[in-house]
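This briefing goes through one protein model, from a single residue up to the whole chain. Please keep the structure in view while reading.

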Amino acid sequence: MYKATTRAIQVTVQPQYLPDQSEPEKSQFVWAYTVRIENKGDVAVQLRSRHWKITDGLGRLQEVKGPGVVGKTPLLRPGEVFEYTSGTPLSTPSGIMGGTYQMVDEAGVKFDIEIPTFSLDTPTTQRSLN
């Protein structure tokens, strides 16, 4: 599990490799990831947009930007949680993913919160620490 907290908003991500949707012989690897966003602050905030940076095992970067997440722009009052599951394909058996969500508070102030960078690895991927 991967965690990051920005301005009292905690983002937790749990990735999972999906072997039943992947076809390694065709260089198609698929992951699901579950994101939990928790407002640990004392003001309501709304998620407006996302900016993902997805890097495959060969260092190729893909950026994904857009409004909301899974078609929603959730409002989180203090203590509330929003959770969703989405997915991403890669053409390599490993990669990394992270980014930011743009939020807006009750006063209309926009700010970015960190989505923790997380590892996408198939069960057979050999890892090396640099």
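In which strand is Thr-88 found? Thr-88 belongs to strand E7, which covers residues 81-90. The model is a predicted one.

- Thr-88 has a relative accessible area of 5%. Buried means under 20%, so Thr-88 counts as buried at 5%.
- Leaving aside residues up to four places away in sequence, Thr-88 touches Phe-29, Val-30, Trp-31, Tyr-33, Ile-54, Met-97 and Leu-120.

**The loop between E1 and E2**

- Arg-7 is in the loop that joins strand E1 (2-6) to strand E2 (9-17).
- Arg-7 is not a glycine, yet its phi is positive, at about 50°.
- Ala-8 lies in the loop between E1 and E2, and Ala-8 also has a positive phi, of about 70°, without being a glycine.
- Is Ala-8 buried, exposed or partly exposed? Its relative accessible area is 30%. Partly exposed covers values between the 20% limit for buried and the 50% limit for exposed, so Ala-8 is partly exposed.

**The loop between E2 and E3**

- Asp-20 is located in the loop between E2 and strand E3 (29-39).
- The relative accessibility of Asp-20 is 66%. Exposed means over 50%, so Asp-20 counts as exposed.
- How far apart are the C-alpha atoms of Asp-20 and Val-30? They are separated by 8.8 Å, and the two residues are 10 residues apart along the chain.
- Val-30 is also one of the residues that Thr-88 touches.

**The protein as a whole**

- The protein has 9 strands and 0 helices. Read from the N terminus, its elements run β-β-β-β-β-β-β-β-β.
- The C-alpha atoms fill a box of roughly 50 × 30 × 25 Å along the principal axes.
- The protein has 130 residues, and 43% of them count as buried.
- Among contacts in the protein with a separation of 6 or more, 62% are between residues 24 or more positions apart.

**Surface and charge**

- The accessible surface of the protein is about 7,500 Å². Carbon and sulfur atoms account for 47% of this surface.

Technical notes. Residues are numbered from 1 along each chain as its sequence is written. This is a predicted model: local features need pLDDT of at least 70, side-chain atom pairs count only at pLDDT 80 or more; totals for chains, interfaces and linings use all residues. Side-chain values use heavy atoms; hydrogens and water are left out. Helices (H or I, at least four residues) and strands (E, at least two) are DSSP runs, numbered from the N terminus. Buried means under 20% relative accessible area, exposed over 50%, partly exposed in between (1.4 Å probe, protein chains only). Contact means heavy atoms within 4.5 Å. Accessible areas come from the Shrake-Rupley method with a 1.4 Å probe; for residues, only the protein chains shown count as cover.
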